[in-house]
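Biologist: I am new to this structure and would like to learn how to read it. Please start with what a contact is.

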Amino acid sequence: MLRAAMRASLRPFAILALVPLLACGGPPARTRSTHARVERPDPPLPPLPWDVEAAAMPALDTPLVALVGGTVMTAAGQVIEDGVVVLDDGLIQAVGPRASVSIPQGARVIDATGRFVTPGVIDVHSHMGVYPVPSVGAHDDGNEATSPTTPQVRAADSFWPQDPALGRALAAGVTTIQVLPGSANLIGGAGETIHMHPGRTVTEMMFPGAPDTMKMACGENPKRVYGEQHQAPSTRMGNVAGYRAAFQEAIEYGRTWEHWQREHQAWARDREDDGEDESEPDIDGETGAGDDDPESDDDSDTGPPDPPTRNFGHELVLGAMQGRVLVQMHCYRADEMARMIEVGHEMGFRVRSFHHAVEAYKIRDLLHDEDISISTWADWWGFKLEAFDAIPENLGLLTQAHVRGVLHSDSPMLVQRLNQEVGKAVTSARAHGVAITDDEALRWITANAAWTLGIEDRVGTLEAGRVADVVVWSAHPFSVYAHADLVFVDGLLEHDRSVDPVGRRSDFEVGLDLEPRTSPPSPPHPTVADGPRPTARTASGLDSLVITHVRVLTGELGDRASVDDATVHVSGERITRIEPHGAAPASTDWLTVIDGTGLVLTPGFIALETHLGMAEIDLEPSTRDTSHEADAEAIHAAFTAADGYNPLSTLIPVARMGGVVAALSTPEGGLVSGTSSFVDLAGRDRSAVRDAEAALHVDLNEGGLAAAHGARPAALQRLRELLDDARLFARQRAAFDRAEMRETGVSRLDLERVAEALEGALPVIVRVSRAADILGVLALAEEYELHLVLSGVEEGWMVAESIARANVPVVVQPLGNLPSTFASLHTRFDNASLLAQAGVRVAIYEPGAWDVHNLRQEAGNAVAWGMPADAALSAITRVPAEIAGQGADYGVLAPGRLASMVLWNGDPFETTTLPVHLYVRGRELPLRSRQSELFDRYRDLSQVRRGTRGLPVRATTPE
């Protein structure tokens, strides 16, 4: 039976007034030959099985707490400096300035001075618990991809409360999540609203009284999943036909219950009439004994009619039509969202929120009129074709149009920094002149999210009487440096960063970390920079450039890390001088002078371990050139990224807008994936490739192991065999050409490339995670005298001293803190910091191609978890350049180096900071992308070309 806790705003299915049963063809009214009868009202219709009362929020005995002195951001229109928030009995009792709120006697007073207090973060799109980590087949419980419509399944029935990702989310200030089925199906099933009290069972974590939700999906996913199985739907036409069929089946199912209700009512009336015949006198005092009953063959009671067979899937869909189930719909494109609104009108349901919805800005007027919220990302885009028109100003434009915008995660990683994502989205909006207040932006992860889940009367704002879901932040919540110091759920302190900086450990992780954890240092409390977005300059070669009064962060460490109030001289492609307090020359036709007062100049960032230029859309194979087609082959050493590099990729301008000026474009697949190429992001032709053969790449994680038949000993054996073959080949090239050398398992080109690595001409970058495997790779590199670089090293902190002794640099992702595989169970946020403290040269990377612009956010989070700021900058500039063999030109601002650099309007690690100017080899490049062009096209909807709106769709549901 559908649980009572999810029955808000219930209405029975039989909501239409029933006409007299005689007119409906029901049994005729009973009559008497000689006696008048007393009229009685019809018996009530029997309740339907899904008509139950909604559960109330439980009364909780929680401590009396007063948060005093912080900046209180209510998400209800107020920002209160030196504020007070009082929590008791699971509720917020008072909110206001210190001067107007009295602190109750006996309250535990927490000093929030210098900190920020907000409502708890709400993530409306999560798969935590149904796609938990580690990501193994046994945990794959999010998609019941056996039929296009599966409304009968419920996310709650798959939810694993011990998912390690849940504790990380709680530690990031997340107090409520909606767990949804995946998007393989047209109707994927029922979602579950979870209140983030760590519990043993899903029932312990359910949000009491939250309405049912139903996950639907349109677009590429359903048609791809089922089209590949040669069944419907295989097109978007098939998608919509499937929705109509599912809703019509539910309508017919509802009719069977309405018919049963009427039959049951007639049966009950008959029983009343039978009782009246036997015992009730008529108006003249005579009884009705002996009167004949024209409808009765005998005196036996046949009992009530049997109810129809339950169908829980149809009941969920009926709920969507009745308004008691909130429809949450995965949909990217604007045209499909508009079409689904029309289908909803036709079939009698409303969409509560479109999820992902990256093109919502194109139809924001329609969304406003329909009162539909949009649950989306700040800057995810381009990973498939229907996400290609996403722009970072989407949320800003929606908010400006009075559409409820919501930031969601769809990711156990992203959920840990939804507050930072708000910073990115609001900065993109403000930079384009879309005025968004901090309060409005905060609603994207609080009040608007609560409305989307139908719980806006209980959570989402800091107001008296609301549930006490409250977060105390160490800094402005939109800052990359902000930590959730304290997280209250229902007034209970569920996370205290001083006790557990990482997040509550799940049962799965018990015993994995027996060593004491290092607490991160107290982060700075910077203010949010709203600096204006610069007007793009026309790209042109600059003969000479001078930047005055600028703070220079050189990319070096220690005393050479910065120069204040500097004057930087550039001639042609190179920096000629950096002078403290240098004089400013006059601007001329051949000399550009920029006043850098208040600005920060850094080396351009260098992206490692990226497919930039080799992949345009991840899920479109025709746009990917990242791997060898012969998956069965383990060795692809001669496979070279430069041969497939596209300098005109639409992803490259987006990367530049994150300060990235160069990359090590890297292949993937196999045990030996191939050879990466060092490219800069200025060239529009082959000149972009600065070094075609920069490094050889080996994968000793899951992909490489699978290519080597799935076992580490087999992979290392295959790798040793390759190295031995290449060593022999290098000594006996002539014999190889005469076919007089023993047979090898790879081609001549592969042997040539590996021989270069054995000679030290190519670094060998090995992707490896597990601590034991890292030590094994170090030994292998020593045996064969390889120029080794370690990549990934999620458990590197455990063997940091060994890595440092070997003088081997590492490439890490600071935000990769989830035990996503059994080879990375000990991963942690401060991995980069601990490696750097041990003396290891650390480079930082951001995986993928479409999100390389977030490289600085990775570095900022490394700083937040203990890495010195100069080391973090060096980790995305100098060290990557050295790994790629480009240290003489890139990665450091110094005389003689290439002028590949970025001028920022604040701290370059802050997501609220923007680049003002970007130069690659002295050439200024425009800070524009396809995304900014889309923004310009849709900023004013009155100027947008549009077709006819079409005729109204007439409802086809029978009366």
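Modeller: Contact means heavy atoms within 4.5 Å. Take Ala184: leaving out residues up to four places away in sequence, Ala184 touches Asn143, Ala145, Asn221, Pro222, Val225 and Tyr226. This is a predicted model, where local features need pLDDT of at least 70, side-chain atom pairs count only at pLDDT 80 or more, and totals for chains, interfaces and linings use all residues. Residues are numbered from 1 along each chain as its sequence is written, and side-chain values use heavy atoms, with hydrogens and water left out.

Biologist: Where is Ala184 placed, and is Ala184 buried or exposed?

Modeller: Helices (H or I, at least four residues) and strands (E, at least two) are DSSP runs, numbered from the N terminus. Ala184 is in the loop between β7 (174-179) and β8. Buried means under 20% relative accessible area, exposed over 50%, and partly exposed in between, with a 1.4 Å probe and protein chains only. Ala184 has 8% relative accessibility, so Ala184 counts as buried. Ala184 and Lys223 are 39 residues apart in sequence, and their C-alpha atoms are 8.5 Å apart.

Biologist: How do I read a sheet?

Modeller: Strands of a sheet pair through backbone hydrogen bonds, either parallel or antiparallel. Two strands count as paired if DSSP finds at least two bridges between them. Here eight strands make an open sheet with mixed pairing, in the order β6-β7-β8-β9-β10-β11-β12-β13. At the edges stand β6 (121-126) and β13 (405-407); each has a single partner strand, so one side of each has no neighbour in the sheet. From one strand to the next the twist averages 25°. Axes are lines fitted to C-alpha atoms, for helices over the stretch in contact, and angles run from 0 to 180 degrees between N-to-C directions.

Biologist: How many bridges join β8 to β9, and which helix packs on the sheet?

Modeller: β8 (residues 187-195) and β9 (residues 212-217) run antiparallel and are joined by four bridges. Ile187 stands opposite Met216 in β9. Helix α5 (residues 312-322) packs on the sheet and touches β8, β9 and β10 (325-331). The direction of α5 makes about 100° with that of β9.

Biologist: What about aromatic rings?

Modeller: Rings of Phe, Tyr and Trp (its six-membered ring) pair if their centres lie within 6.5 Å; planes under 30 degrees apart count as stacked, over 60 as edge-to-face and the rest as tilted. The count by this rule is 20 aromatic pairs. One of them is Phe508 with Phe822, edge-to-face at 5.9 Å centre to centre and 80° between the planes. These two residues are 314 residues apart and link distant parts of the chain. Phe508 is partly exposed at 24% relative accessible area, whereas Phe822 is exposed at 51%.

Biologist: Why is the pair of Phe605 and Trp904 stacked?

Modeller: The ring centres of Phe605 and Trp904 are 5.6 Å apart and the planes are at 20°, so the pair is stacked. Phe605 lies in strand β23 (residues 605-610) and Trp904 in strand β31 (residues 901-904), 299 residues apart. Phe605 is buried at 0% relative accessibility, and Trp904 is buried with a relative accessible area of 0%.

Biologist: Which residues form one aromatic cluster?

Modeller: Tyr332, Trp377, Trp380, Phe383 and Trp850 form the cluster.
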